[in-house]
Amino acid sequence: MFSLVLPFYNEEECVEEVVKSLISSIRKEKIPLKVVLVNNGSTDKTGAIIEKLKQNFAEVSVVSVTKNKGYGYGILQGLTSCKTPYLGFMVGDGQTEARGVVKVVRALQKDPSLDVCKVVRLERHDGIRRQIVSFTYNLLFSFVFFLPMRDVNGTPKFLKHEAYQKMKLSSTDWFIDAELILKAKLYDLKLKEVPSVYHERETGQSHVKGATFVEFLKNLVVYRLRLPFTLTLNKQRWQR
């Protein structure tokens, strides 16, 4: 059994389509997946739409956050409610295809020795500016932590419940993706990446702003001081 957390912050224009597409895919593939929708402090109709989806789909449960305290905070609140052997999270903006969830789950079912599995967005349609920012982000991460990564922020990310408990994730902002990768390496967990497509956002507005990159740089410094200086890459346990 798998659980997937999707945080939504003022996404009234896309939340219904994102959830219906995901549920259609998992039903077609007969994947035992619980879908945890997090109303991450939305001030529009997102909360009402999520509650309606809960009534219409048995796979859906809802977690409500009164005030938005960050992307990572919403994810953490959702993960706390997950009791399945595998749990994970995915951005709820509709840019990540539902097929990516299927690919990650199938990889974990095929290889029970995997502790973590995530997508790597090899095909992107979100514009040259976002691609440059993402490339710079991954380059800095790889340089600072001596840990080559092509797509730190690629979601969905799934991990075993034991790995989740060991990691004790705490980032309440966008660094939660990087924190998960760093702690997977710190605890020598077996990780695999599967290719996926990243689409252009069709509705709503991106919540990734210029301040997000500054926030990322700050977190790089904090975690570089906190973690062991060298994280030696064990290629046998990191599959790409």
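This is a predicted model: local features need pLDDT of at least 70, side-chain atom pairs count only at pLDDT 80 or more; totals for chains, interfaces and linings use all residues.
Reader: Start with strand 6. Which residues lie on each side, and are they buried or exposed?

Author: First the general idea. Side chains in a regular strand alternate between the two faces of the sheet. Now the case. In strand 6, residues 157-160, Lys-157 and Leu-159 sit on one side. Phe-158 and Lys-160 sit on the other. All four are buried, so both faces are covered.

Reader: How many bridges join strand 4 to strand 6, and do the two run parallel or antiparallel?

Author: Four bridges, antiparallel. Strand 4 spans residues 86-89.

Reader: Now helices. At what angle do the axes of helix 1 and helix 4 cross?

Author: Two numbers describe a packed pair: the angle between the axes and the distance between them. Here the axes of helix 1 (residues 15-28) and helix 4 (residues 98-110) cross at roughly 40 degrees. They come within 8 Å. The two helices are therefore oblique to each other. The crossing is right-handed.

Reader: Which residues make the contact?

Author: Helix 1 supplies Ser-21, Leu-22 and Ser-25. Helix 4 supplies Ala-98, Val-101 and Val-102. By class, the contact has four nonpolar residues, two polar and no charged.

Conventions: Residues are numbered from 1 along each chain as its sequence is written. Side-chain values use heavy atoms; hydrogens and water are left out. Buried means under 20% relative accessible area, exposed over 50%, partly exposed in between (1.4 Å probe, protein chains only). Two strands pair if DSSP finds at least two bridges between them. Axes are lines fitted to C-alpha atoms, for helices over the stretch in contact, and angles run from 0 to 180 degrees between N-to-C directions. Angles under 35 degrees count as roughly parallel, over 145 as roughly antiparallel, 65 to 115 as roughly perpendicular and the rest as oblique. A crossing is left-handed if the near helix is turned anticlockwise from the far one by less than a right angle, and right-handed if clockwise. Contact means heavy atoms within 4.5 Å. Ala, Val, Leu, Ile, Met, Phe, Trp, Tyr, Cys and Pro count as nonpolar, Asp, Glu, Lys and Arg as charged, and the others, Gly among them, as polar.
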